[in-house]
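Colleague: Could you take me through this model, with the cut-offs behind each term stated as we go?

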Amino acid sequence: MSQFYKTLTPSTTLFKTEGISTNPFKHDLFLHVPQIHCSGCISTIEKGLEKLDGIISSRVHYGLKRVMVTATQEITHDHLVLRLKDLGFTSEPLDMTVHNMQRINERSKNLLLRLAVSGFACMNVMLMSIAIWSGAEDTTRQLFYWLSALIALPSLAFSSQPFFINAFSSLKKLKLNMDVPISLAIFLSSVISLYEIILDGKHAYFDAALTLTFFLLCGRYLECLTRKRSQSAAQQLSKMLSHKALKYISGNVHLVNVFELKVGDRVKVSSGSIIPTDGIVINGESETDRSIISGENVPFSVRSGDKVYAGEFNINGSLDIKVTNSQDDTYLQRIVNQVSISEAERNKYTSLSDKAAEIYAPGVHILALSAFIFWILFTLDFRYSLNISIAVLIITCPCALGLAVPTVIASTSGKLFKKGILVKTSTALERLTEVDTIIFDKTGTLTTGKLKSINVSEIPKNILSLAASISSYSLHPLAKEITRVAKSKGVKFKTLDKVNELPGKGLEAFYEGKKLCLGKKDWVCPNEKSLANNSIATFFKIDNQKVWEFKFLEEIRDGVPQMLKKLQNLNLDTVVLSGDNASSTNKLAKSIGIKKVRGGVSPNYKMRYIKYLNSRGHKVLMVGDGLNDTAALSRAHVSICPSTALDAAKASVDIIILNGKISLIPTLLKIAHTSKTRIIQNFLIAGIYNLIAVPIATLGFVTPLIAALAMSSSSIAVSLNALRK
Amino acid sequence: MNIILILLPLSLLLGAIGLLLFYWAVKNNQFDDPEGNAQRILRDDLDEHP
């Protein structure tokens with residue numbers, strides 16, 4: 001455990017990963033290979049890896065898109081990553097010691113085993129119990145009871161371990177949780193039943209104890225299954241960064257690891273690569289994609305003296321950079337650290353089931369104890385009184401309570417998954433019902449992040465064909481959009497001469513002796529005053545003829561305006577906060593109907609705003625997608641992101657919406673409210689059942705038959721209620 | 001009805017064997033990757049290994 005926490009500190013988030021080994025000659029290495037998609041991939045990877053010297057075996061886990069390799073000690077992750085690259089797959093090493101996936105797998109396997117054993121035992125013992133309840137006498141009854149004991153005692157010892165372990169750890173902290181009465185009931189009933197059958201008694205509660213264990217384990221297993229895989233945000237972040245950099249050492253460029261870079265080093269970043277660490281440009285001019293940090297997807301011009309950040313994508317010019325922060329001290333890394341802190345705080349939320357347990361556990365004990373005392377005073381018969389109090393303990397059925405919440409969460413998560421909504425944390429739905437304010441990010445959340453060209457139909461085909469031909473030479477988002485829209489119109493692309501991309505200005509080329517220019521207004525036609533400059537646009541000119549303006553608008557996701565209306569009808573406050581400039585943000589907010597808007601906002605501001613709202617007692621739902629939202633997402637009461645979001649954002653949210661259907665948020669809220677109602681209904685069912693059952697038990701009318709029946713019927717009632725449409 | 005003296009333990013024994021086999025299967029990761037195992041059948045280059 002301490003090893004786990006150690007690896008979360010900043011300086012060790014880098015991939016100095018090691019394999020796992022219990023054998024001095026070989027070790028296991030894990031890699032994440034997201035491109036696995038068919039049976040052919042499985043063959044290619046396994047066969048391709050096994051051909052390598054030193055690899056003992058390899059196995060692809062198709063569901064998790066992972067590869068596990070057993071190899072001799074000298075093989076490292078780097079060898080495997082290179083080999084997979086040759087086979088056509090990009091991959092990254094997985095450090096399994098940090099990965100808590102392994103532990104979740106182990107836990108669910110253990111639960112499954114215990115479930116199987118208790119299921120087997122409970123069915124068999126029930127078989128025999130039915131014979132006994134139907135009136136088996138004397139030796140038959142004795143035989144069956146002894147066989148039941150033979151099956152029940154070992155099975156109980158094995159399967160109810162999770163409850164006992166949990167109960168002990170809670171008692172050590174001097175607190176009562178749900179597992180304490182459960183463990184007490186199981187333990188006492190086994191002991192009493194054994195005692196009874198030795199004395200040739202008529203009542204033994206093995207079947208009830210086993211059925212109790214079985215149902216409760218079902219609930220636990222369901223909970224374990226709905227606990228979605230969570231990867232640490234730090235892991236996800238490393239995927240976005242480059243691991244190697246080109247460092248200048250005495251005038252020559254050498255390939256080094258990024259974590260070796262120190263402040264003051266000079267690094268070369270060529271076009272098309274990611275900036276390795278925070279720094280200042282000392283040479284070169286280019287445009288970078290800063291969307292990871294600022295959320296803005298219109299490229300940012302950089303030149304000598306400008307600051308650049310780790311994770312920025314260098315689009316079109318080579319840059320020489322002087323390092324100002326080492327990799328564990330970058331802006332990105334600091335945000336990740338904030339995220340870890342917020343996540344730790346959020347785990348302190350007390351869910352409904354915790355609140356129920358707080359009342360239930362002491363209540364049950366008091367009831368059982370008072371029944372015991374009452375009967376002892378009344379009859380002075382120790383055995384009889386003990387029997388009654390055990391009956392009370394068993395019948396207060398922690399099963400219904402133990403099943404109340406997991407069944408609802410499991411069935412709701414399944415329903416939501418069919419709609420394309422992935423619920424990651426089990427308390428997410430409860431927290432959603434408490435929300436009163438929703439904060440949206442703009443780029444990538446309300447918009448698709450793509451820029452759509454809106455006036456292409458006004459441009460004559462021959463002009464469009466030339467403009468598209470020149471734009472096809474650039475990676476700039478606006479150029480790519482022109483190319484795309486021209487292709488979709490079936491326009492012919494012409495070959496051009498002397499194509500040149502000038503970073504920060506545009507593209508120029510020659511066609512049939514004429515000069516073509518595509519780019520910023522200030523460069524293409526600086527003297528034209530008639531063209532307005534308030535929307536995103538790029539300008540095209542042939543020689544000195546007319547200037548054509550290509551206008552662009554951000555593409556808003558489907559159904560967003562209607563969704564916002566619905567949310568406002570539900571009396572929820574809606575706000576847009578964006579890192580993009582204020583004018584585009586204001587315009588967008590107006591077009592979809594949000595009044596509270598703030599543009600040009602830093603990630604820190606978003607987080608502070610949420611903190612401010614929290615302090616005023618508001619419960620905030622944050623919907624965002626980029627790194628600039630990650631800190632805010634972890635600080636909000638609940639958070640959602642689209643599946644197109646950054647992996648680090650996906651790691652820190654509660655709910656992920658697939659297929660970009662952000663407009664499903666009102667439906668999600670409705671379903672969250674329904675599930676909360678169901679949970680409360682389940683608690684009511686359990687409560688009413690207890691109100692009826694406890695007096696019956698205290699008066700001594702509960703035989704093992706009635707106990708088993710009562711328990712099963714209440715559990716089934718609760719589960720059925722959870723599963724209904 | 002004395003046959004029940006044999007039947008009961010025998011059926012319990014058989015059930016227990018089934019349980020042990022299930023236990024072995026879970027420990028041996030047989031249930032780990034259902035989609036992957038489904039895909040593996042479709043491979044063209046099958047050898048004797050599972």
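Modeller: Residues are numbered from 1 along each chain as its sequence is written, and chains are lettered from A and ligands numbered from 1 in the order in which they are written.

Colleague: Over which residues of chain A does pLDDT stay under 50?

Modeller: pLDDT is the predictor's confidence in each residue, from 0 to 100, and chain A averages 80, with 88% of the residues scoring at least 70. Where pLDDT is low, the predicted coordinates should not be read in detail. That caution applies to a stretch with 23 contacts beyond four places in sequence (C-beta atoms, placed from the backbone, within 7 Å). The stretch under 50 is residues 1-17.

Colleague: Which strands stand at the edges of the open sheet of three strands in chain A?

Modeller: Strands are DSSP runs of E of at least two residues, helices are runs of H or I of at least four, both numbered from the N terminus, and two strands pair if DSSP finds at least two bridges between them. The sheet has the order β11-β10-β13 with antiparallel pairing, and three bridges join β10 (residues 286-289) to β11. Because each edge strand has a single partner, one side of each is left without a neighbour in the sheet, and these strands are β11 (300-302) and β13 (313-314).

Colleague: Is A:S250, with its positive phi, buried or exposed?

Modeller: Most residues other than glycine have a negative phi. A:S250, in the loop between β6 (244-249) and β7 (252-257) of chain A, has a phi near 45°. A residue is buried if 20 or more other C-beta atoms, placed from the backbone, lie within 10 Å of its own, exposed if 12 or fewer, and partly exposed in between. With 5 such atoms, A:S250 is exposed.

Colleague: Which element gives the most to the side of chain B that touches chain A?

Modeller: In the model, 15 residues of chain B are in contact with 17 residues of chain A. The elements of chain B that give two or more residues to that side are α1 (4-27) and α2 (34-40). With seven residues, the element that gives the most is α1(B).

Note on methods
This is a predicted model: local features need pLDDT of at least 70, side-chain atom pairs count only at pLDDT 80 or more; totals for chains, interfaces and linings use all residues. Two residues are in contact if their C-beta atoms, placed from the backbone, lie within 7 Å.
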